[in-house]
Amino acid sequence: MNHTKKIITVLAGCVFLLLLVAWVPGKKSNRATSTGAADASAATSANDQQISSNMQAMFTRGRQIFRYDTFGDEAFWGGTLHLQQAIAGEHLGGVGPGVSPKTALSVGLKVDADALPASLVEQIKAGKVNMDDPATTVALLQLNSVLGVTGIFDKQGKLQSMGIQCAFCHSTVDDSFAPGIGHRLDGWPNRDLNVGAIVSLAPNLQPVADLIGVDVATVKKVLGSWGPGKYDAELDVDGKAFQPNGKSGATLLPPAFGMAGVNDGTYTGWGSVTYWNAYVANTQMHGKGAFSEPRLNADQFPVGARAHFNQVRNADDQITSKLAALQFYQLAIPAPKAPEGSYDKKQAELGKALFSGKAKCSTCHVPDLYTEPGSSLHTPEEIGIDDFQSSRSPTKKYRTTPLRGLWSHQKGGFYHDGRFQTLDEVVSHYDQHLQLKLSDSERKELVEFLKSL
Ligand code: HEC
Ligand code: HEC
């Protein structure tokens with residue numbers, strides 16, 4: 001009894017002390033705790049407030065850039081390749097038949113339903129909008145509703161030029177309105193997008209041919225070899241369009257979500273997210289900026305070296321000042337959670353144990369990042385595949401893919417070039433290569449776990 005009393009007295013004393021500490025003027029809400037959970041909403045100092053408002057500003061600006069910024073690349077897509085003329089068609093002052101919304105959707109372009117005025121939505125629903133007329137495509141561009149494509153119009157409303165954005169390849173829609181039309185899903189790779197077919201429409205491909213050092217017919221053959229959901233981000237630095245087995249050298253469009261905490265960016269670990277953003281904006285989108293990369297030397301990258309991609313400097317730099325916010329936004333995009341019912345929970349639980357146990361997956365795919373913290377590069381031999389794509393990177397290696405959100409990009413297959421059609425094929429590959437001796441049910445359990453990530 002006495003003992004209990006003592007404890008109560010001590011406890012009461014502690015509570016009193018805590019209250020006293022909390023009461024100390026001005027210290028109330030700034031007190032950090034070891035759990036780190038306490039102070040999320042308590043930014044009271046001027047410095048804290050500055051950080052907080054910076055966060056909001058970077059996020060908002062970064063999203064704007066990711067979705068809408070062309071970095072001045074309309075000088076290339078519109079000004080040089082004249083792609084807008086093929087979209088408009090000859091009836092609207094361009095060339096050829098033009099691109100109808102039906103055609104645009106069939107090559108994987110997506111429409112942001114939230115950018116459409118209510119009246120147009122009603123008309124589409126009532127079947128009163130001509131989806132076979134390129135004029136409708138031009139109207140959709142005027143509404144800034146085509147993901148990753150910006151039309152540039154003159155005062156009379158004529159399509160003058162066009163540019164592309166990050167969202168072109170790394171966003172899709174949820175199809176909530178109709179197939180290809182819905183709310184934006186930033187960061188999701190557009191595995192329907194046929195980049196090659198779209199670029200192929202350009203009336204003037206000569207500059208691309210000159211850049212790579214081939215003729216236009218060859219450029220068209222290469223573009224035609226990519227297919228939906230793929231792009232070759234190294235072609236215009238090394239000129240290697242095809243694998244030795246004759247297959248295309250293009251890679252799958254990867255997600256741009258779930259990148260926070262991930263050290264190495266790209267399938268072959270070219271560099272960090274912000275490194276790669278600068279690479280893409282300057283050398284792939286052909287925006288106007290600055291980029292430094294001494295590894296783009298003439299031995300491994302004859303095409304890039306010839307184009308001076310190793311040292312890009314534009315007087316009118318429209319990229320560098322945007323890199324900070326752009327990176328910030330991407331790091332904020334979470335990998336999407338697997339929908340309820342999309343995988344077998346019991347089997348996934350068993351698969352989880354295998355992943356970090358018998359199947360040895362977690363030696364490279366370390367939970368919760370599912371890639372290695374620190375260096376995540378491996379030789380082709382380590383993962384049991386050829387060295388075609390790794391040899392196209394300065395690292396000569398493959399990066400352990402962060403697996404979160406895997407369920408959302410199963411279309412097009414797995415590994416950098418989609419060589420494995422299903423997750424079961426991926427697991428079977430590891431089973432053989434790492435001699436894991438997994439049973440049929442163990443393989444199934446691993447697959448269910450992968451689908452749950
Ligand atoms: C024409 C399509 C296309 C456009 C436009 C594009 N990307 Fe990519 N992106 C790719 C491809 C393909 C890869 C994979 C390249 C590789 O691994 O060799 C990639 C890789 C990435 C990665 C690395 C993902 C990972 O798993 O490590 C990030 C991040 C990224 N892009 C962000 C961006 C941003 C930001 C922009 C705009 C500045 C952009 N991309 C524009 C096609 C595109
Ligand atoms: C030695 C390191 C290593 C081990 C061990 C390993 N992986 Fe991988 N994993 C990689 C690398 C590297 C890639 C990228 C391969 C590519 O893109 O060509 C990859 C890619 C994948 C992909 C494809 C992701 C995508 O989006 O295309 C899946 C799925 C995967 N691994 C699952 C597993 C499973 C399951 C195991 C265990 C049976 C495992 N990995 C063991 C390194 C490893």
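## Two ligand shells and the chain around them

Helix H17 (380–383), strand E12 (398–399), helix H18 (423–433) and helix H19 (440–452) each give at least two residues to the shell around ligand 2. The largest share comes from H18, which supplies 4 residues. In this predicted model, the shell around ligand 2 holds 26 residues, and those that come nearest to the ligand are Cys 361, Cys 364, Phe 414, His 416 and Tyr 430. Sorted by class, the residues of this shell are 17 nonpolar, 6 polar and 3 charged.

Ligand 1 is also surrounded by 26 residues, with Cys 166, Cys 169, Gly 265, Thr 266 and Tyr 267 the closest. Two or more residues of this shell come from each of helix H8 (167–170), helix H13 (273–284) and helix H15 (323–332). H13 gives the most, with 5 residues. The shell around ligand 1 divides by class into 18 nonpolar, 7 polar and 1 charged residues.

The chain as a whole comes next. Its secondary structure amounts to 19 helices and 12 strands. The C-alpha trace spans about 95 × 60 × 50 Å along its principal axes. Of the 453 residues in the chain, 40% are buried. Among contacts with a separation of 6 or more, 65% are between residues 24 or more positions apart.

The chain is divided into domain 1, made of 65–233 + 244–252, and domain 2, which covers 345–452. The C-alpha centres of domain 1 and domain 2 are 33 Å apart. Contact between them involves 7 residues of domain 1 and 9 residues of domain 2. The side of domain 1 that touches domain 2 has 4 nonpolar, 2 polar and 1 charged residues.

In soluble globular proteins, nonpolar side chains tend to be buried together. The largest nonpolar core here has 77 residues, and the ones with the most contacts inside it are Leu 83, Val 146, Val 149, Phe 168, Val 195, Ala 202 and Tyr 231. The largest share of this core, 5 residues, comes from H13, the helix that also gives the most to the shell around ligand 1. For Leu 83, the contacts beyond its neighbours within four places in sequence are Trp 77, Gly 78, Met 162, Leu 201 and Ala 202.

In helix H7 (residues 134–142), the buried residues are Pro 134, Thr 137, Val 138, Leu 140 and Leu 141. These residues lie on the same side of H7, because they cover an arc of only 155° around the axis. What do the buried residues of H7 pack against? Their partners are helix H4 (83–88), helix H5 (101–106), strand E1 (111–112), strand E2 (149–153) and strand E3 (159–164). Just after H7, Asn 144 has a positive phi of about 55°.

Helix H11 (residues 216–226) has Val 219, Val 222, Leu 223 and Trp 226 as buried residues. They cover an arc of only 95° around the axis, so they are on the same side of H11. The buried residues of H11 pack against helix H9 (195–200), helix H10 (206–212) and strand E7 (230–231). Just after H11, Gly 227 takes a positive phi of about 80°.

Ala 250 is in the loop between helix H12 (235–238) and strand E8 (251–252). Is Ala 250 buried or exposed? Ala 250 counts as buried because it has 27 C-beta neighbours inside 10 Å, where 20 or more are needed. Leaving aside neighbours within four places in sequence, its contacts are Trp 226, Lys 230, Tyr 231 and Asp 232. Tyr 231 is also among the residues with the most contacts inside the largest nonpolar core. From Ala 250 to Gly 261 there are 11 residues in sequence and 27 Å in space, C-alpha to C-alpha.

Definitions and conventions. Residues numbered from 1 in each chain as written. Chains lettered and ligands numbered in written order. Predicted model: local features only at pLDDT ≥ 70, side-chain atom pairs only at ≥ 80, totals over all residues. Buried ≥ 20, exposed ≤ 12 C-beta atoms within 10 Å, placed from the backbone. Arc of directions from axis to C-beta. Contact = placed C-beta atoms within 7 Å. Near = placed C-beta within 6 Å. Nonpolar A, V, L, I, M, F, W, Y, C, P; charged D, E, K, R; others polar. Domains from an automatic or database assignment. Core = buried A, V, L, I, M, F, W, Y, C linked by C-beta atoms within 7 Å.
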